[in-house]
Each structure stands twice: as C-alpha cells, then as structure tokens.
Amino acid sequence: LTLNGERILKTRFKYCKKHGASSQALISIINRICPPGYAFDSKVMIVVGILRWFFNLQRDEIQLLFAARGTKISTGEISNLSEEFLIRFYALHRRHIPRIKALFDKNGGMVLHIDGTGETGDEIVFTGKDGKTGITLDAQIMPSESVKYLKPFLQKLRDSFGIPLVVVRDMSTQIRDTVSDIFSGVPQQICHYHFVGNLGKLIFKGRYEKLRKLVLDTHILPQLSALKKKVSKDSSTDNLVSGERK
C-alpha cells in the first residue's frame, strides 16, 4: 500500500539495470507518483477515501487494516488523505456535470430531492439528489437552512442541471419559499419519511419522554462513559489487540 518516496528510492529505484536511469531521473519519477512532502501515493488516498466515505469506517479501524498489512499510518494522515479524496472526488464530479445532465435529459428530466442533515445547533450538510438515478448532484455545509444559504445552493443546482420535474422536500417553510423563488412554477412534494417523522413527534411525544426517563433511571449512561474512559487508556502497543478491546 505505501509508496514512501525516500524509502522506495533507496531500496527499489536507486538504479535500473535495464535502462540505466540516473538518480535525478528516478527522483522525478517518484515525485510524480508521490508529490513532495507526501508519505503515500494517490492509490493510498483512494483506498482511505473509499474505506472512510463509502464503507463508513472510523480512522482507528482504517489504521488497523493498514497495520494488518504491515503499514504504519497515523490517524491524522488518514484524516488528511480522506479530505483530499473528497476534494478530488468533488472536482471529478463537477467535471462530469455535462454527462450527468445528458443522462437526466435522456430519462425525461430529474426529480430533485433536497434535505439537510445535522445535529441541533451544529452546521448541517445540505444535499441535492436525483430521485430517478440516485445520483447526488451537490452537497454543501451550511450554518443553517435559512434562505441566505439555501438560495445560492439551489441557484448553483439550477445553473448546472437545469429545471427539475418536481422538488421533494421536508416541511420547512424556508425551503418551500426558496424553492418557489428559484424553481418558479415547479411542483413541490413533501417527503413521506419527514411527514411521518413529524407526525410521530406529535403522536408519541409524551410516550417518548417517558421512555427517555426510564432509560436515564437505569443509570447505564454513566457506566458506558466510565467504560469508554477505561478503554481509551488501553496501554497495549499492538494495534490489533487494542482494536479488539475497543
């Protein structure tokens, strides 16, 4: 997996018997594979990105997989590689917008699903997706779902992919009004999942509070927190053993 430029240069590419390449030429080759300052090549970035974002593995889990193959990598490096993967993947996605739009046109148009995901009080990830193909059109981190942030996001979708057949959204009035402004005249539908979710909050609000109190009364949460602290102090130097305990 690893292509540490310095180490490979000394062990594999110091001299090529077949071509007689010089050290300077080999350094140039290594830099193309593994840019200056990088400890891993683009293939490793792709592996990390797929494990992190497609299989939802945590940094520690990815580190264990690398360790099992005899490769040392820090969790910080995994974070850097996974972020670089996202940037490159996003750039590749934007590059293929004409082909994606052509596919939508071939299918008779797109059904635009829009929604924001995040914990209360935190930033949200707002996403646009085509309901027919399941292709994610774009995603952006926003402080909130206010018109101030929604409007440029939807304008960007309109400029890139055109006008949708219908927009499927949750019951937010700000999303409703912004969609009416950007996609004037386009029908809007309420997402069934969000409708049932909101209905459930109204019907089961009292029962949920009772269930929550019962869980708190078990005092299991402090026990789990104490266990987490205990595990985090694991002194084992073997990553596989440490991971198994966690």
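**View 1. The second largest pocket and helix α9.** The largest share of the lining of the second largest pocket, 5 residues, is contributed by α9, where a pocket is an open set of points on a 1 Å grid over the protein atoms alone at which a 1.4 Å probe fits, with protein on both sides within 12 Å along at least five of seven lines, and lining residues have an atom within 4 Å of a point. This is a predicted model, in which local features need pLDDT of at least 70 and side-chain atom pairs count only at pLDDT 80 or more, while totals for chains, interfaces and linings use all residues. Residues are numbered from 1 along each chain as its sequence is written, and side-chain values use heavy atoms, with hydrogens and water left out. Of the 15 lining residues, Gly116, Gly118, Asp170, His194 and Lys201 lie nearest the centre of this second largest pocket, whose volume is about 420 Å³.

**View 2. The largest pocket and strand β3.** The largest pocket holds about 800 Å³ of space, and β3 (136-142) is among the elements that supply at least two residues of its lining. With 6 residues, β3 gives the most to this lining. Among the 24 lining residues, Val125, Thr127, Thr136, Asp138 and Ala139 lie nearest the centre of the largest pocket.

**View 3. The salt bridge between Arg94 and Asp138.** The side chains of Arg94 and Asp138 meet in a salt bridge at 3.5 Å, N to O, the term being used for a side-chain nitrogen of Lys or Arg within 4 Å of a carboxyl oxygen of Asp or Glu. This pair links distant parts of the chain, since Arg94 lies in helix α5 and Asp138 in strand β3, 44 residues apart. Asp138 is buried at 3% relative accessibility, whereas Arg94 is partly exposed at 25%; buried means under 20% relative accessible area, exposed over 50%, and partly exposed in between, with a 1.4 Å probe and protein chains only.

**View 4. The largest nonpolar core around Phe161.** Of the 21 residues in the largest nonpolar core, Ile114, Phe126, Leu154, Phe161 and Phe183 touch the most other members, a nonpolar core being a set of buried Ala, Val, Leu, Ile, Met, Phe, Trp, Tyr and Cys residues joined through side-chain atoms within 4.5 Å. The largest share of this core, 5 residues, comes from α7. Phe161 touches Ile97, Ile100, Lys101, Phe104, Met110 and Leu137, leaving aside residues up to four places away in sequence, with contact meaning heavy atoms within 4.5 Å.

Note on methods. Grid points are joined across faces, edges and corners, and a volume is the space filled by probe spheres set on the points. Helices (H or I, at least four residues) and strands (E, at least two) are DSSP runs, numbered from the N terminus.
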